[in-house]
Amino acid sequence: MNVLFANAQDVKPVLDTIPARDTSVVSTDTVQNNFRDATGQDTVVMKDAESDLETVVTIVANDSSVNEVSLNRLHLYGGAKVKYQDFELAADYIRLDRNTNLLFASGVRDHNDKYIGRPVVIMPGEGPIAVDSLIYNYKTQIPKTFGVMTEMDGAYIQARVVRRNIYEEMSLFDGLYSTCDLPEPHTHFGIKISKGLVVKNQIIAGPSYLVVQNIPMKFLAIPFGFFPKQDKPTSGMLFPSFGEDASRGFAMRDLGWYLTFNDYWDSEIRSNIFSKGAFEASIRTQYVVNYKFNGGFNIRYGSTPTGIEGTPSYNRAQDFNVTWNHTQRQEANPGTSFSASVNFGTSSYFRNTAANGTANFQALTQNNMSSNISYGKVFADGKVNFTSSLGHRQDIRTGAINLDLPTFSLNVSTFNPFKFGESTGEKWYERITVGYSVQGQNKLVTSDSLLFRKETLQNFTNGFQHTIPIALSLQVMKYFQFNTAVNYTERWYFQSTRNRLENNQIGFTEVRDTISGFRRAYDYSISSGLSTKVYGQYPKIGNIEAIRHVVTPSVNLNYRPDFGDPRYGFYRDYVNPQGLSSRYSIFQDGIYGTPGAGRSMGIGFSIDNNIEAKIRSDKDTTGSGIKKIPILQGLTFSGNYNIAADSLKLSNISFSGRTTLFNEKINLNFNGSFDPYTYDKVTGRKVNRFAIREGQLARLQSFGLSFDYSFNPDASKSRNNNVDSLRNNMPNMTQEQADALARVSRDPNAFVDFNIPWNLSGSFSFNYASVFRTEDLRMGSNITSTVQLHGDFNVTPKWKVQFNGGYDFGQMQVVIPQFSIYRDLHCWEMSFSWVPIGQFQSYNFTIRAKASILQDLKLMKRQSHYIF
């Protein structure tokens, strides 16, 4: 039972005259933590006149104590504590009367006339309770408290006077049952209780009436009532929010019921109802077993009408989405891991339901969904690692589904087979390393509309792949690193294919037969290479002390035999329908591919560049006066030249790099590729003629650029500090709290932080691809470019306005603009969100009590809809 401090204004008659302390005994301690370590301790032996038994009362005073011998009274000041059996009391003033067996405790008023040091009492079998003052008879063990406030299952009970009897029941006078934790709630929905009785599972109230925003609604009074008082979560109704959707009509969202079964799992059933016939429902369940595992799953269903009712175009889309997350604590079973992250459903769910009513841009524009359930185990002293998983990948745009049921791998750590014992000098052959790995996979490729048909489930393909890498690394001539490797791969398949022609009514058609039976497919390759580092430094220029350029060139020779040779049996020839001889691989449908046809002997090359500058700066905090600034990080060019190929020997030249701008406030990333060959002007295919012969060094085949920037870095810094602090201070957080923290980390725009007065951030992405346009027989470009802007600002310390939107330059349209207004009502929250234009045009208004997780996070959730 959590306890909060209450107001002392109503208990002045109880605060009788407190004798002045003797300030010469101990200097005044202004610390207000009543349960801190004490500076002095004593014991008093109390004798019961009736039973003749002696009772020990432990007393502590951090400031001073005054003993009135004539009246048999003891006064304790400043962080005083009294312990009697299972009863504990702490306050800034305690009076012990030995004649009447009474303890009186209260706070004191400081020099600003502020009431501080309120009593905190621990009754037998209960947690601490904060009060304004109390009287306790330690003989009868009956307390009488004044100005008490307690929390019970998210609701707060305040009362002017509370008295406890011997049956563990409490009677209260002038009480308030509300959702607000303030002594004088400034904004709340509460029930005023004139008199009441608090028993184990309920509060029995006398005449009571509703209070809204401190306005009594006595015309809604009831003569008596019963209120639940549970020490654990209980089932109950979930209040909805209301709004309007442009395509589905007026909406009542998130109406539902909360179900709690035990301390380990609970569920929420919610529904969205729209005036134009659309309906959505969801079931969310969470479970946790302390120190072992936790997780939760969410099943969502949507029924959305499309077209005009009564016409042939009318239809009702049936969509669903299922998510499941499971995490196992590592210490629960050392060496073994199990986790699950599942997200699958119909490809049209997010669009037909407007991402479950949130109009979330990331959810609406996602191109795929994926799932993974994995199990892992490490054995043989960590040298062998086994993993297995079930996976699913779904293309939302096309509805294509890839299922892996299951995939497994066994990896043996590399070892030195020619190294025996401890040698004084390592020989070159002792540096040879060998490894081994085996993988297995059972895969199905289909579409979501055909997934659950019987004939579809018979189309699984499977196979195994063994890999043995052998490597040697040596330092040559002090400045060069020599690497050589031999890689052997063997695949085991239980199906192979045969192509043939079949004569039918329309002529010869190509037929592919699947032949069952075990077949081996193997290949191997050899590579050797050299790499080094070259350092360059440019002279001083102005404030630039030096520019350092590190170049890492590498070159390698690689060789692979022609496994398309008939002696291997991996490839076969047949005459296609056009009457031409064609070659195909009997493993062309194999999961792990087929050995490569054609001999390959090439030269691979790459060059990596890092450029940074040292600039003299008076603002440098290291004291050296020199500041390092990165200019280019990881600018890499790479390619390959195949000597054995008869044409197109040079591959595309790919490049990538990154840098930072404006004092490392913007991270800029770029990548792309150059095609060294020209193309046929009719078909658009690459031809064996270098582009330099036509006056250009190479053709830019693709290019990508992206960066993001926040104009208020304090926003992200504050959020990260808050999340880190909560992780450290809440080690036993619930799964809901952990999920919310994860959302804050990956989606900084998901929560409102009123401590940050404003925030404005944006991101930009640009992608270019060279494509051949058959309509005008020339090479054109395909460009996508989007900019997104999001931010918020405080109108007042309790009002915040948030906006989010962007622009797609490729589609020439605005990206789902959204405006939201938030009002912090202390124990309640109010939000209004509006999507003014577009397919998901809508608005939504919500007012509800704050969840405990948001109070713990010191943040407010942006989305007013239920989206977990």
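These legends go with a handful of close-up views of a predicted model. Residues are numbered from 1 along each chain as its sequence is written, and side-chain values use heavy atoms, with hydrogens and water left out. Since this is a predicted model, local features need pLDDT of at least 70 and side-chain atom pairs count only at pLDDT 80 or more, while totals for chains, interfaces and linings use all residues.

View 1. A cavity here is a set of points on a 1 Å grid over the protein atoms alone where a 1.4 Å probe fits but cannot get out, and lining residues have an atom within 4 Å of a point. Grid points are joined across faces, edges and corners, and a volume is the space filled by probe spheres set on the points. By this rule there are 2 cavities of 30 Å³ or more. The second largest cavity takes up about 80 Å³. It is lined by 12 residues, and those closest to its centre are Arg-270, Asn-272, Ala-281, Ser-282 and Asn-356.

View 2. Strands are DSSP runs (E, at least two residues), numbered from the N terminus. Strand S23 (265-274), strand S24 (279-289) and strand S25 (293-306) each give at least two residues to the lining of the second largest cavity. Sort that lining by class and you get 4 nonpolar, 4 polar and 4 charged residues. For this sorting, Ala, Val, Leu, Ile, Met, Phe, Trp, Tyr, Cys and Pro count as nonpolar, Asp, Glu, Lys and Arg as charged, and the others, Gly among them, as polar.

View 3. Thr-304 sits in strand S25. Thr-304 counts as buried because its relative accessibility is 7%; buried means under 20% relative accessible area, exposed over 50%, and partly exposed in between (1.4 Å probe, protein chains only). Leaving out residues up to four places away in sequence, Thr-304 touches Arg-248, Ala-278, Asn-315, Arg-316, Ala-317 and Asn-352, where contact means heavy atoms within 4.5 Å.

**View 4. The cis bond at Pro-406.** Most peptide bonds are trans. Here, though, a cis peptide bond links Leu-405 and Pro-406, with omega about -5°. Look for Pro-406 in strand S30 (residues 400-415).

View 5. Most residues other than glycine have a negative phi. Asp-174, not a glycine, has a positive phi of about 55°. Asp-174 belongs to strand S14 (residues 170-178) and is partly exposed at 27% relative accessible area. Leu-648 isn't a glycine either, and its phi is positive, about 50°. You'll find Leu-648 in the loop between strand S40 (626-642) and strand S41 (653-661), partly exposed at 36%.

Technical notes
On a 1 Å grid over the protein atoms alone, a cavity is a set of points where a 1.4 Å probe fits but cannot get out, and a pocket is an open set with protein on both sides within 12 Å along at least five of seven lines; lining residues have an atom within 4 Å of a point. Helices (H or I, at least four residues) and strands (E, at least two) are DSSP runs, numbered from the N terminus.
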